[in-house]
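Please find my notes on this model below, as numbered points.

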Amino acid sequence: MKEASHDYVLKALIVVVLGLSAIVLTLGGYAIILREENKRAELIIEEIRNSVLSPTVDQPEMEENPVNLPTGTQVIRETIAIPETQNFFLETFDYRRLIINSFDFLAEGSEFGYVVVEEETAFKLCVEKGLGKYFITRVGDRFGVMFLGENPLAGLYDSKTAYGIQLVSHTVSDGIAPQVMDLRSMGFPAFVYKSVTADGRTFYAAILGVFPDATTAREYSSTVDVQALQRTTGWNITDRFPRQLR
């Protein structure tokens, strides 16, 4: 009897231990599940809090006619927005920066003046006219400056005739605008010139430089780095020619 009772007690203890172990494992598993659920709930709450409480960041307004062009993808506009206030200043003469800050589009029939002057006067004229209202080109040891509108410098007599070197032309401005922007970023004085033919067709020409006459334009054309121009644009410019701007 004693041996039978001992076996019974031992079996009962084993059953109790196994039962307790099962309970502990069940509770442990449940605790793990609850912990993971809490983590997920906290993440969801945090996301909701961020989306609701995060302050709205105002996006900066884009300029209508940006002038600084590092990438070569700007679309040329057919109108030039002339600012009412001065927003372009340079402390010292910087030819490359003056090219970048000059206008990049000129329509046939625009009112302009043109002068060839010394560096100091050219610099003053560019600064007086302001961002996007002039165009500058090195002409020998001086500088040719075309400016839009009235002449701001008293005693400076300007011409209403100028010439540029036409590299290529296209029926849409987007066909040449990226390459023109690339030329400007490389330090070449270039812009897009819009003209209308007698039969009503519109063309956009890539113009290099502004000069007082066709002879000066030809001289500049004969000394320009043709290989650099063609590498930058991908154009064949062997048929380039001086063209009157009016």
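1. In this predicted model, three strands form an open sheet in the order 2-4-3, paired antiparallel. Strands here are DSSP runs of E of at least two residues, helices are runs of H or I of at least four residues, and both are numbered from the N terminus; two strands pair if DSSP finds at least two bridges between them. Strand 2 (112-117) and strand 3 (134-139) are the edge strands, each pairing on one side only. From one strand to the next, the twist averages 15°. Axes are lines fitted to C-alpha atoms, for helices over the stretch in contact, and angles run from 0 to 180 degrees between N-to-C directions.

2. Within that sheet, 6 bridges link strand 2 to strand 4 (residues 142-148) in the antiparallel sense. Val115 has Val145 of strand 4 as its bridge partner.

3. A 5-stranded open sheet has the order 1-6-7-5-8, and its pairing is mixed. Strand 1 (105-107) and strand 8 (241-245) are at its edges; each has a single partner strand, so one side of each lacks a neighbour in the sheet. Ignoring direction, neighbouring strands of this sheet are turned by 45° against each other on average.

4. Strand 6 (residues 190-196) and strand 7 (residues 202-211) run antiparallel and are joined by 7 bridges. The bridge partner of Ser195 is Phe203 in strand 7.

5. Helix 5 (residues 214-223) lies across strand 5 (162-170), strand 7 and strand 8. The angle between helix 5 and strand 5 is about 55°.

6. Overall, the protein chain contains 6 helices and 8 strands. Read from the N terminus, the elements follow the pattern α-α-β-β-α-β-β-β-α-β-β-α-α-β.

7. Contacts (heavy atoms within 4.5 Å) were also sorted by sequence separation. Of those in the protein chain between residues at least 6 apart in sequence, 75% join residues at least 24 apart.

8. Of the 246 residues in the protein chain, 35% are buried, meaning under 20% relative accessible area with a 1.4 Å probe, protein chains only. The accessible surface is about 15,400 Å², and carbon and sulfur atoms account for 55% of it. Areas come from the Shrake-Rupley method with a 1.4 Å probe.

9. On conventions, residues are numbered from 1 along each chain as its sequence is written, and side-chain values use heavy atoms, leaving out hydrogens and water. Local features need pLDDT of at least 70 and side-chain atom pairs count only at pLDDT 80 or more, while totals for chains, interfaces and linings use all residues.

Technical notes: Buried means under 20% relative accessible area, exposed over 50%, partly exposed in between (1.4 Å probe, protein chains only).
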